[in-house]
Amino acid sequence: MRVGAVLSAVLVVAGCSGDDGGSSDDAQAVCGDGVRGGVEACDDGNNEDEDGCSATCEIEEEPPATLDATWVFETVDGGFNQGCPSNVDTMAFVIQPLDAMGDPVGQPSIDLFDCVDEEGSVTDLPPGELLVYLEARNGSTPIAQTFSEIVDVTDEDKIVDFTFYSDGGYFYLQWNLVGATTGMPLTCTSVPRLDGVGLIATLSGTAVGIDQEFDCDPQENTTDVLENGQYVLDIDAIDMNNQSIGTADAVTGTLAGLNQVVDIGLVTISITGQ
Ligand SMILES: [Ca+2]
Ligand SMILES: [Ca+2]
């Protein structure tokens, strides 16, 4: 502690006219008066801790953060907790610190937990934004992973809840637009009628499917979770009235894993009348 130290000839306030009859040479800094003086490393005008400048006017380091993860294995339709699959024993909690621009800082930390615990806690994390995800493993072999999330632990500890779908997954796709007449590449903004990209995923042999709409830009997206199976994916450019203004050749894709993301690749959507 540096309390009680007195420096001679401390006078930092321009226009300070306080005169109690003593000499300014023995003026002592008062922590919390909003004026940094004497041995004060800071003075934020209060005597509160945990706001960056302590009650004794010392600079406070931001305390390290704690981040908890929870995980469940659910079915796509029932949402029923299935417990850990027989081929998953370990949960790896991957934490990548980010800088103010959202770029990675250093290497990610990886903390391992027993899958059956359904939760894990990581302490002493740097304050700031963290990109986090879970990887379900069999020993050291990756079996499945969640999408990543960004959490901010600057001001408080956080809990992130993750869900693995034991009987489902996702399709990832990218698209290009071309003029059906010209065959020339088009951008999303060069098609005035365009409102988005529609995707209908139909489970083979059934009428079961989902209907989704994506923004055209960026020219990629991931579907909502779908129950495992073989799908036909019909992809269209659509207008404000949800009418097709261009279509891609139908694509088939199969989901057969645990929370798997299947990349169906790049599809080309031919815009009619262009
Ligand atoms: Ca002061
Ligand atoms: Ca303070």
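**Chatting through a predicted model**

Trainee: How many C-beta neighbours does Phe-214 have inside 10 Å?
Mentor: Phe-214 has 19 of them, so it counts as partly exposed. The labels work like this: a residue is buried with 20 or more other C-beta atoms within 10 Å of its own, exposed with 12 or fewer, and partly exposed in between, with C-beta atoms placed from the backbone.

Trainee: And where is the place of Phe-214?
Mentor: Phe-214 is in strand β12, residues 209-214. Strands (E, at least two residues) and helices (H or I, at least four) are DSSP runs, numbered from the N terminus. Before we go on, this is a predicted model, where local features need pLDDT of at least 70, side-chain atom pairs count only at pLDDT 80 or more, and totals for chains, interfaces and linings use all residues. Residues are numbered from 1 along each chain as its sequence is written, while chains are lettered from A and ligands numbered from 1 in the order in which they are written.

Trainee: What average pLDDT does the protein have?
Mentor: The average is 89, and 90% of the residues score at least 70. pLDDT is the predictor's confidence in each residue, from 0 to 100.

Trainee: Over which residues does pLDDT stay under 50?
Mentor: That is residues 1-26. Where pLDDT is low, the predicted coordinates should not be read in detail.

Trainee: Back to Phe-214, which residues is it in contact with?
Mentor: Setting aside neighbours within four places in sequence, Phe-214 contacts Gly-196, Val-197, Leu-199 and Asn-221. Contact here means that the two C-beta atoms, placed from the backbone, lie within 7 Å.

Trainee: Changing topic, what is the order of the open sheet of three strands?
Mentor: The order is β4-β1-β8, with mixed pairing. Strands β4 (119-125) and β8 (158-165) stand at the edges with a single partner strand each, so one side of each has no neighbour in the sheet. Two strands pair if DSSP finds at least two bridges between them.

Trainee: In which sense do β1 and β8 pair?
Mentor: β1 (residues 65-74) and β8 pair in the parallel sense, over eight bridges. One example is Ala-69, whose bridge partner in β8 is Val-160.

Trainee: How about β15 and β16, parallel or antiparallel?
Mentor: Strands β15 (residues 229-238) and β16 (residues 244-247) pair in the antiparallel sense over three bridges. Asp-236 stands opposite Thr-247 in β16. Their hairpin has five residues between the strands, and Asn-242 there takes a positive phi near 65°.

Trainee: Which other residue has a positive phi, near 60°?
Mentor: Asp-124 has that phi, and it is a residue other than glycine. Asp-124 sits in strand β4 and is exposed, with 9 other C-beta atoms within 10 Å.

Trainee: What about Asn-259, buried or exposed?
Mentor: Asn-259 is buried, with 24 C-beta neighbours inside 10 Å. Asn-259 lies in the loop between β17 (251-255) and β18, and its phi, near 55°, is positive too.

Trainee: Which residues does Thr-146 touch?
Mentor: Not counting residues up to four places away in sequence, Thr-146 touches Tyr-133, Leu-134, Phe-162, Phe-164 and Asn-259. Thr-146 is in the loop between β6 (141-145) and β7 (149-152). From Thr-146 to Leu-134 it is 12 residues in sequence and 5.6 Å in space, C-alpha to C-alpha.

Trainee: Last one, which two residues does the cis peptide bond join?
Mentor: It joins Asp-217 and Pro-218, with omega about -10°. Pro-218 lies in the loop between β12 and β13 (220-222).
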